[in-house]
Amino acid sequence: MTERHEAYLYHVTFNAMHNLDINDPRKMHAHTFRVGMYVVDRKRDHPVFQNIEKGIRNYFDRYQGIRLNELPTFRDIVPTLENIGDIFYHELKPLFAENGMQLLSLEIGDSPISVYCIGERLLLGDISSMTQEGAVEGYCQRVRSRYEKVLAGENK
C-alpha cells in the first residue's frame with residue numbers, strides 16, 4: 001500500500017514588470033506571474049481558510065502592476081524568477097505558520113514552460129515515481145494545460 005499525503009495548493013496570479021539588467025531600465029518587460037504554494041495543515045483539523053486567503057491576497061496585492069526593480073527588496077538583487085521565488089518562499093512561511101499551516105514548497109512561473117520551485121519538499125506530481133515515458137508526458141501536458149488556462153484568463 002502506498003503512503004497517503006495530503007496538501008493544499010493555493011494559486012495566485014499577478015502582473016508585474018522587471019528588468020534583468022539593473023543598469024538599463026529600458027529593458028523592462030512584463031509578465032503574468034503565477035505562484036503555487038503547497039501547504040499542509042499542522043493542526044490536523046480544518047484550517048481557517050478565510051484568514052490565510054486574506055493574508056495571501058494582501059501579500060500579493062503589493063506586487064500587482066508594479067516594476068519589481070523599484071521595490072527596496074530588489075534594489076540590490078536582480079529580480080530573476082529564482083530570486084523572486086526565494087523571497088516569496090521565505091516571506092510567506094511565517095504567514096502560513098501563523099495560521100497553523102506549513103509551507104512545503106512554492107513554485108513560480110512567468111510563462112507556460114518556465115517554473116521555478118523551492119521548498120522543503122518539492123511536490124512535482126511525484127515525478128520520481130514516474131518511470132514510463134507516457135506518464136511523464138502526461139504530467140507535463142497537465143502542467144502545460146494549467147498554465148495555458150491561466151494565460152487564457154480562466155481559473156482566476
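Residues are numbered from 1 along each chain as its sequence is written, and side-chain values use heavy atoms, with hydrogens and water left out. Because the model is predicted, local features need pLDDT of at least 70 and side-chain atom pairs count only at pLDDT 80 or more, while totals for chains, interfaces and linings use all residues.

**Stop 1: the sheet**

Switch to a cartoon view and select the strands. Helices (H or I, at least four residues) and strands (E, at least two) are DSSP runs, numbered from the N terminus. In what order do the strands of the open sheet stand? The 4 strands follow the order β1-β2-β3-β4, with antiparallel pairing. Two strands count as paired if DSSP finds at least two bridges between them. Strands of a sheet pair through backbone hydrogen bonds, either parallel or antiparallel.

Now look at the two edges, which are β1 and β4 (114-119). Each has a single partner strand, so one side of each is left without a neighbour in the sheet. From one strand to the next, the twist averages 20°; axes are lines fitted to C-alpha atoms, for helices over the stretch in contact, and angles run from 0 to 180 degrees between N-to-C directions.

**Stop 2: strand β3 and its partners**

Select residues 101-111, which make up β3. Of its 11 residues, 9 are buried, so the strand is largely enclosed by the rest of the structure. Buried means under 20% relative accessible area, exposed over 50%, and partly exposed in between (1.4 Å probe, protein chains only).

On one side, β3 pairs with β2 in the antiparallel sense over 8 bridges. To see one of these positions, select V35, whose bridge partner in β3 is I108. With β4, strand β3 is joined by 6 bridges, again antiparallel. Select S105 and find G119 of β4 opposite; then select E107, whose bridge partner in β4 is C117. The two strands β3 and β4 form a hairpin with 2 residues between them.

**Stop 3: H31**

Select H31, in strand β2 (residues 29-41). Is this side chain buried or exposed? H31 is buried, at a relative accessible area of 17%. Leaving aside residues up to four places away in sequence, H31 touches F14, N15, A16, H18 and D110.

Show the side chain of H18 as well: a polar contact of 3.2 Å joins it to the side chain of H31. A polar contact is a pair of N or O atoms within 3.5 Å; within protein, one must be able to donate a hydrogen and the other to accept it, and residues adjacent in sequence count only if both atoms are side-chain atoms. Then turn to D110, whose backbone oxygen lies 3.3 Å from a polar atom of the H31 side chain.

**Stop 4: the aromatic rings**

Rings of Phe, Tyr and Trp (its six-membered ring) pair if their centres lie within 6.5 Å; planes under 30 degrees apart count as stacked, over 60 as edge-to-face and the rest as tilted. The count by this rule is 11 aromatic pairs. One of them is F14 with Y63, a tilted pair at 6.0 Å centre to centre and 45° between the planes. F14 sits in strand β1 (residues 8-18) and Y63 in the loop between α1 (49-61) and α2 (81-98), 49 residues apart. F14 is buried at 1%, and Y63 is buried at 3%.

Next select F60 and F88. Their ring centres are 5.2 Å apart and their planes at 90°, so the pair is edge-to-face. F60 belongs to helix α1 and F88 to helix α2. F60 is buried at 3% relative accessible area, and F88 at 0%. To finish this stop, select F14, F33, Y59, F60, Y63 and F88 together; they form one aromatic cluster.

**Stop 5: salt bridges**

The whole structure holds 4 salt bridges, each a side-chain nitrogen of Lys or Arg within 4 Å of a carboxyl oxygen of Asp or Glu. Select R26 and D24, which meet at 3.0 Å, N to O; R26 is exposed at 74%, whereas D24 is buried at 14%. Last, select R67 and E70, with their closest N and O atoms 3.3 Å apart. R67 is buried at 17%, and E70 is partly exposed at 49%.

Conventions: Contact = heavy atoms within 4.5 Å.
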